[in-house]
Amino acid sequence: MPDENILEVQDLVHVYQTGNRNVPAVNGVSFSIRKGETFGLVGESGCGKTTTGRMIVKLLKITLGTVRYHGKDITHIRGKKDLMRFRREVQMIFQDPYASLDPRKKVRDIIAEGIDAHHLAASRQERDERVAELLETVGLNRSFASRYPHEFSGGQRQRIGIARALALRPEFIVCDEPISALDVSIQAQVVNLLKKLQTEKNLTYLFIAHDLSMVKYISDRIGVMYRGRLVETGPADEVYEHPIHPYTKSLISAIPRPDPMSERVRRRVPYVPGPDRGISCRLREYARGHYVRCDEAGNF
Amino acid sequence: MSHVRLEVKNLSVSFSTFSGRVHAVRGVSFSLHDGETLAIVGESGSGKTVTCRSVMRLLAKNASIDSGEILLNGTDLLKLSEREMQSVRGRDVAMVFQDPMTSLDPTMKIGRQIEEAITLHQKIGRREARRKVLELLRLVGIEDPKRRSRQYPHEFSGGQRQRIVIATAIACNPQVLIADEPTTSLDVTMQAQIIDLMKELQKKIDTSVIFITHDLGVVANVADRVAVMYAGKIVEIGLADEIFYDPRHPYTWGLLHAMPTLDTHMSSLYTIPGSPPTLLEPVPEGDAFAPRNAYALAVDEKYEPPLFKVSDTHYAATWLLDPRAPKAVPPEILSKRREKYLERRKRDAG
């Protein structure tokens, strides 16, 4: 079935407790991701997109709501066996390639950490061979295995992070702002690599980012988050070309384009939330597959 | 032509490191006119930050300025004593850094930090300085400045912190403001607000801005002129329109081509192959970009190209501009953009 949902997220809530205040960082988010597609999650910092990603890979506690992976509820996975299996199939690529690699480990051991934890290599030789293969897959030299992370540039480190995520032959990868710390020319290299791997290995991505032009380029469908809620979701082209929600419009109007002539006339539309901040609105279908959280008149 | 406020002439900077001498900036020259914004673009390690830190004389201890002059209204900043430089720094030339969390003192209330920037250069009383702090906070769009000035940096969001850093930088109405990737750590909405703020302030206090960034969208928005740096050199410099619609250097072609726009539907993005050179001594002869350059000529391996003149305002360092060079065709997408641009100009004129 080509349209099979690999992941279904329903009414996801995460509450951070800070002192005596409860902050609902994610407040009732629902979406689903089909096998083999890329779902882009965009929004400003603090909108809850990273929190959502982290709950899906079970790095954060799910306060309320359910996450279904292949139709199976993983919210309350019990037992080591099931959890180990889930962790093998779902991997994550982190934002900061400087902070996400252990500086005291060699590249070989960073990449093989999952292989070791899951006892996937029978011998040392097999393990080294697998690491070398992975390095080549992400476009790095095999000999890099015995080096340390500090010897690499940002783009190379991110490739190491990708190799680590691929080590367990996952089906689904959460990419949490994988390119925002990189230079423009390196960003393109990493995005091309991610796209190539997706086709070769039939991967499904949740791509979290705030760089809207890159998200549009890589994603099949996108979701726009604002203050812990999904305000608009639909096919990437459709959402960018016909944004309905005023927040989406504002977000798109804020993107600077590499074109001085259009920059001179571009007007940014600021977003002013309504009095109830759209709490009373529900997601409704505006066009096929295109959902918006605001009413007909654009009130929200 | 308007008055030249800052002129950098043939600047070379090197660092002594454990693995040898690194030539980070190799003969950079440019000028900054009254009230204009010059954007400097390039990859990490291309020397854009080192160039600007040289203007501030804020280089690390292992750096040495090997040659060059930095003239601010005719005075060579490189010849000033550290003491004299201290009175220039912050007053005549100020800087906004990339990371607003590390450029503010976490243990000091933000009002005190801005006040310090004022009293260091101006002989005014405490009360007057306080009044000015509130005025600056209001100017950069911090609401309720009286209460906020008594708070610490961690009580502000990233965007607000950058506003405070900007308030500190403009406290003495500097003639030159250097902004080193001021919006890179911010999201699009914040970025747009900070850029609008900087443009507005630039008009108000009549400062000239050097804007370092690798985001070409931001460049298109803020820049009057653009300098493209590669491996410690300026490889192309010109008016924003000249760089975006009539680029001549293959590296500039690569940069412009690599960035997806909202109407990009290619199956894969263009990338510049390989990575920039390390600039460790001895720096290889010839054009530093040649190994990554699909348009490289035989001459590139031996001789470095000089800056060729394209127009009075536009220069590019590539042998392709030599009359003897074979004609090179830039990527199709760029020629299309140029056509569109010329069409639009014709329409606007007629």
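Me: Which strand order does the open sheet of eight strands in chain A have?
Reply: The order is 6-7-8-3-9-10-12-11, with mixed pairing. A strand here is a DSSP run of E, at least two residues, and a helix a run of H or I, at least four residues, both numbered from the N terminus. The model is predicted: local features need pLDDT of at least 70, side-chain atom pairs count only at pLDDT 80 or more, and totals for chains, interfaces and linings use all residues. Residues are numbered from 1 along each chain as its sequence is written, while chains are lettered from A and ligands numbered from 1 in the order in which they are written.

Me: What makes strand 6 and strand 11 of chain A stand at the edges?
Reply: Strand 6 (90-93) and strand 11 (284-287) of chain A each have a single partner strand, so one side of each is left without a neighbour in the sheet.

Me: How do you know that strand 11 and strand 12 of chain A pair?
Reply: Pairing requires at least two bridges found by DSSP between the strands. Strand 11 and strand 12 (residues 290-292) of chain A have three bridges, in the antiparallel sense. A:Ala287 stands opposite A:His290 in strand 12 of chain A.

Me: Why is helix 3 of chain B called roughly parallel to helix 6 of chain B?
Reply: Helix 3 (residues 110-119) and helix 6 (residues 158-169) of chain B pack at about 25 degrees, with axes 8 Å apart. Axes are lines fitted to C-alpha atoms, for helices over the stretch in contact, and angles run from 0 to 180 degrees between N-to-C directions. Angles under 35 degrees count as roughly parallel, so helix 3 of chain B is roughly parallel to helix 6 of chain B.

How values were computed. Parallel < 35°, antiparallel > 145°, perpendicular 65-115°, else oblique.
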